[in-house]
Amino acid sequence: MRKLVTALLMTLAAPAAAEFTTDNPARIDMVVWRGCEEACEGFRRFFSDRDLPVEVNVIDVAKDKSILRDIRDQLNASPPDLAVTWGTSVTTGILGKREEFGTGSALGQTPALFMIVADPVRSDVVESYEKSGRDMITGVRNRVPEETQIALLKSYFAPKRIGVINDPTESNSALNTEVLTNLGPNGGFEVIALEYSLNEENKADPAEIPRLMAELRAQGADAVYVGSSSFNLENRDAFTAAAIDQGLPVFTAYAQMVQDSDALMAVANAYANVGKLAAAQARKILLDGANPAEMPIASLDRFSVFINADTAAALDLYPPIQLINIAEVVKED
C-alpha cells in the first residue's frame, strides 16, 4: 500500500506533457552562433520527418556576442516553450553560468537545452554529466573525450610536441588546450600553445595563420591539434593548407576539417547526429513532460574516425592498417 501511495504521489508531482497540436505547435527558439549548420538542420529535420507538432525558430547571432543580451531579453519578454542554444558562447550568454545563477537560469522558468558545448562542466554550464544541477536546463554532449582522441592519434602517429593555435575570444578553446596540456605528461608529449592577435573589432585575423603555423614549426611542433575552435573550423582551408606547407599533420575533433578540407585525421561525432540527439531530448521535454533538471547530459553511443588519404600522401604519413579498418577514408575525386 505504501509503495502504491508513493508511486501515486510521484506521478502527481511529475510535470504533465503539454497538449501541442498541428494548429497549436510547441515553439522552440534556437539561438545559433553561425547560421543553421549541420547540427541545427539535423535538429529541425528530426521534427519535420516525424510530423511532430513543433515549430523551430532559428535566431542567428552571426558570431556577434554583443547582441546576446538583447536576444536573452527578447526570450524573456516572449518565452518559447523551449530555448535551445548552440555553442559555448551562445549558451553562457543566453543561459548564464552556475557561478552567477546557481541552480537557476537567466531565462527564469523557460526550459532550456544546449548543444555543441565542448566542455559544459568546465565551462560552468552544468554541475556534472549525470545532472545539470540547474532547475530548467539540460543538454547533449558532442565532444569525443580528449583521452580517446589522443589514444587514436598516437595509434597513427606519436608526436612529441603538439601545437595549437587559439582565438583568445573563444573560452572553449582555452579549456580544451588546458585539458590537452594536462594529458601531456602521461601521453608522452608537450603542448605548444599560440594565440591569434585581435584587431580593433576584437576579432582574430585569418591572415595570421601562415605566420603562426611557421612559428609552431620553429618551436619544434611535429603535429597540430584542433579540438575546439569555431574560428579554425571556419577557416579550415587556410589552416590546413598552412599546416601542410610546414609539413605538419592536423589532427582534429571536427569531421568537416577532414571531409571537405585537408586535415589528416578526425575523431568526431557528426554534427547532424548531435542535432538529432538534441531533438530527441527536446521531444522528451515538450511532448513527454520530462523535467530537464532530472535528465542526464546525453551523449552519442558511437564516434567515427576520418582519414584524408590525399593529405596522408602529401605528408608521406600513411595510416596503419588497424586504423584503416575502422576509419572512413576520405579521398578527393
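Is Cys 36 buried, partly exposed or exposed, and at what relative accessibility? Cys 36 counts as partly exposed, because its relative accessibility is 26%. The cut-offs are under 20% relative accessible area for buried and over 50% for exposed, with partly exposed in between (1.4 Å probe, protein chains only).

This is a predicted model, in which local features need pLDDT of at least 70, side-chain atom pairs count only at pLDDT 80 or more, and totals for chains, interfaces and linings use all residues. Residues are numbered from 1 along each chain as its sequence is written, and side-chain values use heavy atoms, with hydrogens and water left out.

**The disulfide**

The structure holds 1 disulfide, a term used here for a pair of cysteine sulfur atoms within 2.5 Å. Cys 36 and Cys 40 form it, with their sulfur atoms 1.9 Å apart. The link is left-handed, at -90 degrees about the S-S bond. Cys 40 counts as buried, because its relative accessibility is 0%.

| Residue | Relative accessibility | Class |
|---|---|---|
| Phe 20 | 16% | buried |
| Cys 36 | 26% | partly exposed |
| Cys 40 | 0% | buried |

**The sheet**

Helices (H or I, at least four residues) and strands (E, at least two) are DSSP runs, numbered from the N terminus. Two strands pair if DSSP finds at least two bridges between them. An open sheet has 7 strands in the order 7-6-8-9-10-12-13, with mixed pairing. Strand 7 (190–195) and strand 13 (328–330) stand at the edges with a single partner strand each, so one side of each has no neighbour in the sheet. Strand 10 (residues 265–268) and strand 12 (residues 304–308) pair in the antiparallel sense over 4 bridges. Here Met 265 stands opposite Ile 307 in strand 12.

**Helix 12**

Helix 12 (residues 271–287) has 17 residues. From first C-alpha to last it reaches 24 Å, close to the 24 Å expected at 1.5 Å a residue. That expected span is 1.5 Å times one less than the number of residues. Its buried residues include Tyr 271, Val 274, Leu 277 and Leu 286. Just after helix 12, Gly 289 takes a positive phi of about 75 degrees.

**Around Phe 20**

Phe 20 lies in the loop between helix 1 (2–13) and strand 1 (26–32). Leaving aside neighbours within four places in sequence, Phe 20 is in contact (heavy atoms within 4.5 Å) with Pro 25, Ala 26, Pro 53, Asp 81, Leu 286 and Leu 287. Phe 20 and Leu 52 are 32 residues apart in sequence and 9.1 Å apart in space, C-alpha to C-alpha.
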